[in-house]
Amino acid sequence: MNNPLVSVLIPFKNTEKFISDCFNSIAAQKYQNWEVLAVNDNSTDDSLKIANSYAEKDNRFKVYDNTGNGIIEALRLAHSKSNGKYITRMDADDVMTTYKLKVMVNALNKNGKGHLAIGKVSYFSDKGIGNGYARYEKWLNALTKKGINYSEIYKECVIPSPCWMVHREDLDMCGAFEPDRYPEDYDLAFRFYENGLKCIPCDEILHHWRDYENRTSRTSEHYAQNYFLDLKLYYFLKLEYIPERNLILWGAGNKGKSIAKALMEKNIDFYWVCDNPKKIGKSIYGKEMQHFNTCDKLGNSQTIVTVANQDAQKTIRGYFSRLNQAEMNDFFFFC
């Protein structure tokens, strides 16, 4: 079947300023065999009224009230009401390019099950895009162009939550939206990775990502940095960690300290190293900081690197390369 039904899952809350732009971009799709499952997550503005006005005019728009609270429960409800062979997600404050669904459907039709259709994204904002978001966009799109998104999955979320499409069976195999772990989009990306879904390379911008002060990712506690670190460590220990190998933590900044605390709480032994001469030899949380050449002396090790500076990361990569150690097997960048 070359024209399968696509289910677009949209949780929304207080997006009255933007939801019409979102729904209009879906209605304008060149690929027209779709259904929208829009779930109102306890909005207090006119979002629901606007959404219902689209449902009254076009029965492909279906609107529900969240029976629970929050994005995860809204997504569960949307997924339970969906009928599509292919499933995708959309944010109510964003905009699709007119060919987004067509490109993704064609990619899945060509590659079959076990694959994840993705696309490049472009941030936009009335107040301009900050350097952090611009760097993230550039980094994410470079991975997407080659389909090597998982290669840096422990840095940041490598699958943009509103720009993927997958076979229903593959999504269900990955647990869909059942886990209660936030940030839910990053957790789902890890489960795509865990279950071996292959990213289909894409060199086209398919999604326009709106940034504004009250966007959920900016305001909700569920998207605070500690949640990201907890999720990274959870999946590292589940998918990568080999207890028979020496575990090394590189870096004593805030992220390094947070991971050190978490490892200690889990009673997981590790060596703590850095390249800062002012910290080498000192004790932090009762653990002595060692020189990074410990990585060479120990051998048979796995290293979590929490150094954020890009130039320093290049140097660290070169160091591990000289030790014949491979990224995502022997060392992992967590930022």
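**Close-up 1. Thr97 sits in the loop between strand S5 (95–96) and H4.** With 7% relative accessibility, Thr97 counts as buried (buried is under 20% relative accessible area, exposed is over 50%, and partly exposed lies in between, using a 1.4 Å probe and protein chains only). Setting aside neighbours within four places in sequence, Thr97 is in contact with Gln29, Ile205, Leu206, His207 and His208; contact here means heavy atoms within 4.5 Å. Helices (H or I, at least four residues) and strands (E, at least two) are DSSP runs, numbered from the N terminus. Keep in mind that this is a predicted model, where local features need pLDDT of at least 70 and side-chain atom pairs count only at pLDDT 80 or more, while totals for chains, interfaces and linings use all residues. Residues are numbered from 1 along each chain as its sequence is written, and side-chain values use heavy atoms, with hydrogens and water left out.

**Close-up 2. Ala107 belongs to helix H4 (residues 100–111).** Ala107 counts as buried, at 17% relative accessibility. Beyond its neighbours within four places in sequence, Ala107 is in contact with Ala117 and Ile200. Val63 is 44 residues from Ala107 along the chain, and their C-alpha atoms are separated by 28 Å.

**Close-up 3. Strands S2 (residues 34–40) and S3 (residues 61–65) pair in the parallel sense over five bridges.** Two strands pair if DSSP finds at least two bridges between them. Asn40 stands opposite Asp65 in S3. To get from S2 to S3, the chain goes through helix H2 (residues 47–57), and this β-α-β crossover is right-handed: with the strands pointing away from the viewer, the path from the first strand over the helix to the second runs clockwise.

**Close-up 4. Helix H12 has Gln313, Ile316, Tyr319 and Phe320 as its buried residues.** Looking down the axis of H12, these buried residues fall within an arc of 115 degrees, so they line one face of the helix (the arc is that of the directions from the helix axis to the C-beta atoms). They pack against strand S11 (246–250), helix H11 (294–298), strand S15 (301–305) and strand S16 (331–333). Over on the other side of H12, Gln310, Asp311, Lys314, Thr315 and Arg322 are exposed.

**Close-up 5. Here are the two ends of H12.** At the start of H12, a side-chain oxygen of Asn309 comes to within 3.0 Å of the backbone nitrogen of Asp311. After H12 comes Asn324, with a positive phi, near 60 degrees.

Key
A polar contact is a pair of N or O atoms within 3.5 Å; within protein, one must be able to donate a hydrogen and the other to accept it, and residues adjacent in sequence count only if both atoms are side-chain atoms.
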